[in-house]
Amino acid sequence: MDKNYFITTPIYYPSAKPHMGHAYSSIVSDFIARFKRLDGYNVEFLTGTDEHGLKIQRAAEKNGIDPKKFCDEISEIFRNLSSILNLSNTDFIRTTEDRHIKSVQHLWKILEKKNQIYLSKYSGWYSVSDEAFYGDNEIKEEDGFNISLVSGSKVEWVEEESYFFKLSEWENKLLKFYEENPKFILPVSRRNEVVSFVKSGLKDLSISRKSFSWGIKVPNNNDHVIYVWLDALTNYISALNYPDIKNIKYKDFWPANLHMIGKDILRFHAIYWPAFLLAADIPPPKRVYGHGWILSGDEKMSKSKGNILDPIEIIDKYGLDPLRYYLLKEVSFGSDGSITQDKLESCINSDLANNYGNLCQRVISFNEKNCNLLVPEKNNFENSDLDLLNKVSNNINTMRSFIDNQELSSYTSFIVDCMFDTNKYFNDQEPWKKKSDIKRLNTIIYVSLEMIRKISILLNPIMPDTSLKVLKVFNLNQKDINFESIKNHESLKVNSSINKIDILFKKIEKND
Ligand code: MSP
């Protein structure tokens with residue numbers, strides 16, 4: 001079985017500081033990367049910054065800084081955010097790096113060799129904010145401006161000499177590819193949108209610009225820079241040392257298992273990217289997942305709307321793990337979802353403090369009083385014990401398939417159920433009334449401790465630090481745990497010592 005797994009985040013525009021939407025793409029990707037690693041995979045996890053194009057050039061000009069210097073500064077902020085978010089990425093690529101530039105120019109030359117590129121003239125609409133070309137039928141007029149119907153951003157008219165990629169030739173081949181790979185685009189609703197867009201007809205795509213210079217030069221024609229999306233998408237293979245396709249990284253990790261992206265950039269990933277790759281005889285990635293947006297109130301977060309939520313401020317106030325948990329549990333994965341401090345506080349109180357935190361505290365302090373912080377000797381399991389323990393063991397493959405199909409909300413709901421059921425078990429079994437039946441009392445504690453272990457392993461990819469704090473109770477570190485081990489009901493060694501833990505989550509006083 002192939003035990004390599006390659007997952008990528010979008011590479012972010014360093015045109016402004018990162019916001020919660022960026023943090024979201026990264027956190028969901030990190031969750032999957034960590035899960036696969038926990039399940040024994042060798043995971044390559046790539047993130048980075050997308051530094052060329054007019055959008056960046058203009059942002060740099062506005063700040064009166066040279067574009068490269070501007071990118072150096074903001075890219076560094078994104079890199080720092082990766083560690084603030086506790087991302088387990090194995091690489092961070094910048095499109096201004098040499099390794100990337102070489103790769104992009106090579107891909108260009110291959111496309112040229114394969115007769116996929118020609119020189120002509122582009123006249124049409126362009127959105128600098130999206131770095132995207134739009135057709136006449138995708139534009140409306142609003143308050144004296146021309147606006148893209150697709151994204152709502154302003155467009156400007158462009159007329160200039162440009163190289164084109166023969167995208168129109170790929171219409172039927174792409175449709176065939178989608179049909180043969182029904183899970184290439186997920187969720188299904190977005191797949192359908194892409195398929196009908198392609199069916200409505202593809203025009204050749206402008207892939208160079210002449211009227212500005214901040215980009216990778218077209219080989220053999222320095223008047224042109226390569227269209228920023230052809231440049232940016234190539235990061236997924238330049239980070240694997242393309243065109244050196246014999247090197248171990250490329251061999252092990254391409255095609256990527258998953259490009260995790262926001263739904264706003266699906267067209268580029270699900271249409272242009274596989275077309276470029278197929279045209280260059282490179283296999284396309286296995287999956288592109290377009291997640292929903294994090295809304296601020298009812299609106300997408302954006303600089304122009306002034307409704308940006310800063311992930312760092314939220315982390316300073318509430319901690320990282322609660323934020324990671326909230327985004328994975330409260331936002332129904334695939335759909336849009338919102339975050340407000342009020343909702344985050346309710347989630348911390350109900351799920352983290354009352355459910356998980358309380359479960360850990362009460363079981364461990366009960367153990368301390370009755371078993372001196374030792375794993376007690378268990379007796380035979382009763383049905384009630386096995387029902388609970390088997391709930392996890394019997395679902396291990398279901399959990400794997402949740403992750404492999406990006407049904408992330410089903411994974412998190414399952415954990416919440418397990419926490420709830422374990423708390424209920426502890427209540428219903430009333431071990432405090434079993435002082436005269438010490439064997440039964442011990443078994444209840446044993447089962448509860450095993451459930452805490454299993455739940456904490458399940459939570460590990462979502463809240464790595466908190467999970468490890470709890471697993472320390474059993475003297476377990478990251479390297480000692482793996483996903484398969486949640487199958488085992490009897491992993492805790494009788495008479496081994498357990499450790500106390502501090503309060504995991506403080507309840508937040510709310511006025512309502
Ligand atoms: N540079 C391109 C991506 C190139 S990938 C080869 C880009 N950058 S971006 O910085 O504008 O956005 C990066 C990602 O952040 C996108 O997937 C986008 O959907 C995501 N988010 C930006 N705002 C968002 C929200 N408000 N909510 C969720 N994610 C959104 O596009």
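Axes here are lines fitted to C-alpha atoms, for helices over the stretch in contact, and angles run from 0 to 180 degrees between N-to-C directions. Helices (H or I, at least four residues) and strands (E, at least two) are DSSP runs, numbered from the N terminus. The structure is a predicted model, in which local features need pLDDT of at least 70, side-chain atom pairs count only at pLDDT 80 or more, and totals for chains, interfaces and linings use all residues. Residues are numbered from 1 along each chain as its sequence is written, and side-chain values use heavy atoms, with hydrogens and water left out.

**View 1. Crossing of helices α1 and α15.** The axes of α1 (residues 20-38) and α15 (residues 396-404) come within 10 Å and cross at roughly 140 degrees. α1 is therefore oblique to α15 (under 35 degrees is roughly parallel, over 145 roughly antiparallel, 65 to 115 roughly perpendicular, and the rest oblique). The crossing is left-handed, meaning that the near helix is turned anticlockwise from the far one by less than a right angle. Phe31, Ile32, Phe35 and Lys36 of α1 and Met399, Arg400, Ile403 and Asp404 of α15 make the contact (heavy atoms within 4.5 Å). These residues divide into 5 nonpolar, no polar and 3 charged. Here Ala, Val, Leu, Ile, Met, Phe, Trp, Tyr, Cys and Pro count as nonpolar, Asp, Glu, Lys and Arg as charged, and the others, Gly among them, as polar.

**View 2. Salt bridges of aspartate 91 with arginine 99 and lysine 249.** A salt bridge is a side-chain nitrogen of Lys or Arg within 4 Å of a carboxyl oxygen of Asp or Glu. The closest N and O atoms of arginine 99 and aspartate 91 are 3.0 Å apart. Aspartate 91 also pairs with lysine 249, at 3.7 Å from N to O. Because lysine 249 lies in helix α9 (residues 248-253) and aspartate 91 in strand β3 (residues 91-94), this pair ties together parts that are 158 residues apart in sequence. Aspartate 91 is buried, at 12% relative accessible area, whereas arginine 99, at 28%, and lysine 249, at 24%, are partly exposed. Buried means under 20%, exposed over 50% and partly exposed in between (1.4 Å probe, protein chains only). Glu44, Asp91, Glu97, Arg99 and Lys249 are linked in a salt-bridge network.

**View 3. Salt bridge between glutamate 138 and arginine 267.** The closest N and O atoms of this pair are 2.6 Å apart. Glutamate 138 sits in the loop between β5 (132-134) and β6 (139-142), and arginine 267 in helix α10 (residues 266-279), 129 residues apart. Glutamate 138 is buried at 12% relative accessible area, and arginine 267 is buried at 18%. The whole structure has 34 salt bridges.
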